[in-house]
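Please keep the sequence and the structure open while reading.

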Amino acid sequence: MNAANGRNDVVVVGGGQAGLALGYFLARDGRRFTILEAAETPAAAWCARWDSLKLFTPARYDGLPGMAFPGDPDSYPGRDDVVAYLTDYARHFDLPVELSSRVRSVRQGEAARYLVELDDRTCEADQVVIATGPFQVPRVAPVAGRLSPDIVQLHSTGYRRPDDVPSGPVLVVGGGNTGYQIAEELARSHEVHLSIGSRQTPLPQRILGRDLFRYLEATGLMRRSVDTRIGQRLQYRETLIGSSPRAARSQGIHLHGRTDDVSGSEVRFDDGSRLQPRAVIWATGFALDHSWIDVPIFDDGGRLMHRRGVTSAPGLYFLGLTWQYTRGSALLGWVKHDAEYIAGEIARLAGQRRPRT
Ligand SMILES: Cc1cc2nc3c(=O)[nH]c(=O)nc-3n(C[C@H](O)[C@H](O)[C@H](O)COP(=O)(O)OP(=O)(O)OC[C@H]3O[C@@H](n4cnc5c(N)ncnc54)[C@H](O)[C@@H]3O)c2cc1C
């Protein structure tokens with residue numbers, strides 16, 4: 001039920017997969033809620049990714065609660081398939097998503113309510129869920145600013161297709177899934193160099209004909225939480241799915257160490273090698289930005305304090321953070337577990353506050 005401009009039981013900030021998955025449970029529970037989405041179109045984060053992106057999770061594990069991802073469960077959907085699925089999902093469940101509604105601040109109001117401020121209005125809510133994504137502000141290495149202006153520089157969010165990259169040597173910085181996927185695509189048309197800061201453990205996409213995630217599910221690894229010893233270890237270990245340094249070399253990609261320094265148009269790496277690239281693509285990840293949340297739930301270092309998305313401010317939650325609870329917390333097919341948990345916490349608090357008759 002939509003109550004955008006009136007009193008809301010719940011305001012959800014962010015209409016990506018996390019916000020939609022939560023919306024499913026809030027609708028099921030009959031709450032008055034709205035989902036405020038900054039972008040003008042649905043699935044904005046996915047629309048901002050490169051054209052040829054293929055999911056590393058098969059369709060079997062790409063569905064949100066209540067609606068399977070269409071197509072062969074063993075296939076790997078592309079970017080536009082995800083955009084279509086998320087758009088259909090919101091429509092199918094008639095979720096109250098308000099586009100072009102960037103939230104500028106969230107703060108505590110009177111009577112245990114929250115004030116959610118947009119450019120043109122303020123709405124009130126008993127409870128608020130921040131689902132603004134794990135990947136918000138594109139991060140580049142500090143040396144980027146000192147590189148000669150003759151060199152074309154893009155963050156991975158600005159890369160769409162090989163035609164957009166000038167011919168000549170291209171340096172892709174970042175040895176994660178994004179860096180490898182972009183480097184492999186560019187290697188078909190460009191001379192490509194990949195700078196790898198820290199090596200991630202390469203895992204095959206398929207083992208004995210079955211997708212990796214079927215094994216991770218079957219062994220229970222996808223559900224190991226940050227409260228377990230293995231979860232605590234895994235949350236700091238990035239994995240590279242379906243790519244490896246050896247496979248990259250076999251595609252003609254030149255591997256370098258960490259990007260250390262630049263001087264004019266030359267880039268230096270910590271293995272002693274050097275390169276004068278024509279273009280640099282920074283696949284160096286993202287930072288979070290929660291500076292607009294004016295509630296004391298951050299530690300002295302500005303880090304969010306929460307337990308499975310529940311903060312110390314009653315009624316204020318997060319959803320969709322990387323390793324919020326498990327490896328699956330920020331993935332399409334597993335975010336539903338945290339979403340259902342947060343919906344349960346919302347119900348519990350609403351029940352406690354309801355006046356007794
Ligand atoms: C390159 C790449 C490949 C990936 N591949 C896979 C994969 O194969 N399988 C998989 O399961 N996962 C994958 N992921 C991880 C994950 O599924 C995505 O990052 C996903 O987009 C996260 O969903 P989300 O809803 O948490 O956040 P987002 O999709 O980022 O959605 C957050 C929404 O909040 C909105 N927003 C932000 N700030 C505000 C504000 N102040 N007010 C209102 N709205 C706001 C944004 O516009 C956005 O629409 C991949 C991620 C990346 C970066």
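The ligand is surrounded by 32 residues, and the closest of them are Gln17, Glu37, Phe56, Thr57 and Leu332. The model is predicted. It holds 25 salt bridges.

**Ligand site**

- The side chain of glutamate 37 has an N or O atom 2.6 Å from an oxygen atom of the ligand.
- Phenylalanine 56 takes part through its backbone: one of its polar backbone atoms is 2.7 Å from an oxygen atom of the ligand.
- Leucine 332 likewise places a polar backbone atom 2.8 Å from a ligand oxygen.
- On its own the ligand has 980 Å² of accessible area, and the protein covers 91% of that.
- The elements that give two or more residues to the shell around the ligand are α1 (17-28) and α2 (44-47).
- Helix α2 gives the largest share of this shell, three residues.
- Sorted by class, the shell has 19 nonpolar, ten polar and three charged residues.

**Salt bridges**

- Side chains of opposite charge can pair when their charged atoms come close.
- Aspartate 88 and arginine 91 form a salt bridge through their side chains, with an N to O distance of 3.5 Å.
- Both aspartate 88 and arginine 91 belong to helix α3 (residues 79-92), where they sit three residues apart, about one turn of the helix.
- An α-helix has 3.6 residues a turn, so residues three or four places apart point the same way.
- Aspartate 88 is partly exposed because its relative accessibility is 37%, while arginine 91 counts as exposed at 60%.
- In the salt bridge between arginine 274 and glutamate 266, the closest N and O atoms are 2.9 Å apart.
- Glutamate 266 has a relative accessibility of 19% and therefore counts as buried, since the cut-off for buried is under 20%.
- Arginine 308 and aspartate 338 meet through their side chains in a salt bridge of 3.2 Å, N to O.
- This pair links distant parts of the chain, 30 residues apart: arginine 308 is in the loop between β21 (293-294) and β22 (316-318), and aspartate 338 is in helix α8 (residues 335-353).
- Arginine 308 is buried at 15% relative accessibility, and aspartate 338 is buried with a relative accessible area of 2%.
- Salt bridges also link Asp51, Arg79, Asp80, Arg161 and Asp164 in a network.

- Helix α4 (residues 177-186) is largely enclosed by the rest of the structure, because seven of its ten residues are buried.
- The buried residues of α4 are Gly179, Tyr180, Ile182, Ala183, Glu184, Glu185 and Leu186.
- The cover over these buried residues includes the strands β9 (170-173), β10 (192-195), β14 (239-241) and β19 (279-282), together with helix α7 (245-250).

**Glutamate 345**

- Helix α8 contains glutamate 345.
- Which is glutamate 345, buried or exposed? Its relative accessible area is 14%, so glutamate 345 is buried.
- Leaving aside residues up to four places away in sequence, glutamate 345 touches Val310 and Tyr317.

**Threonine 219**

- Threonine 219 lies in the loop between α5 (212-218) and α6 (229-234).
- With a relative accessible area of 52%, threonine 219 is exposed, because the cut-off for exposed is over 50%.
- The side chain of threonine 219 reaches the backbone oxygen of leucine 216 at 3.3 Å.
- Where does threonine 219 stand in relation to glycine 344? The two residues are 125 residues apart in sequence, and their C-alpha atoms are 27 Å apart in space.

**Isoleucine 230**

- Isoleucine 230 is part of helix α6.
- The relative accessibility of isoleucine 230 is 26%, so this residue counts as partly exposed.
- Not counting residues up to four places away in sequence, isoleucine 230 is in contact with Leu221 and Arg224.

Technical notes. Residues are numbered from 1 along each chain as its sequence is written. This is a predicted model: local features need pLDDT of at least 70, side-chain atom pairs count only at pLDDT 80 or more; totals for chains, interfaces and linings use all residues. Side-chain values use heavy atoms; hydrogens and water are left out. A salt bridge is a side-chain nitrogen of Lys or Arg within 4 Å of a carboxyl oxygen of Asp or Glu. Helices (H or I, at least four residues) and strands (E, at least two) are DSSP runs, numbered from the N terminus. Buried means under 20% relative accessible area, exposed over 50%, partly exposed in between (1.4 Å probe, protein chains only). A residue is near a molecule or strand if one of its heavy atoms lies within 4 Å of it. A polar contact is a pair of N or O atoms within 3.5 Å; within protein, one must be able to donate a hydrogen and the other to accept it, and residues adjacent in sequence count only if both atoms are side-chain atoms. Accessible areas come from the Shrake-Rupley method with a 1.4 Å probe; for residues, only the protein chains shown count as cover. Ala, Val, Leu, Ile, Met, Phe, Trp, Tyr, Cys and Pro count as nonpolar, Asp, Glu, Lys and Arg as charged, and the others, Gly among them, as polar. Contact means heavy atoms within 4.5 Å.
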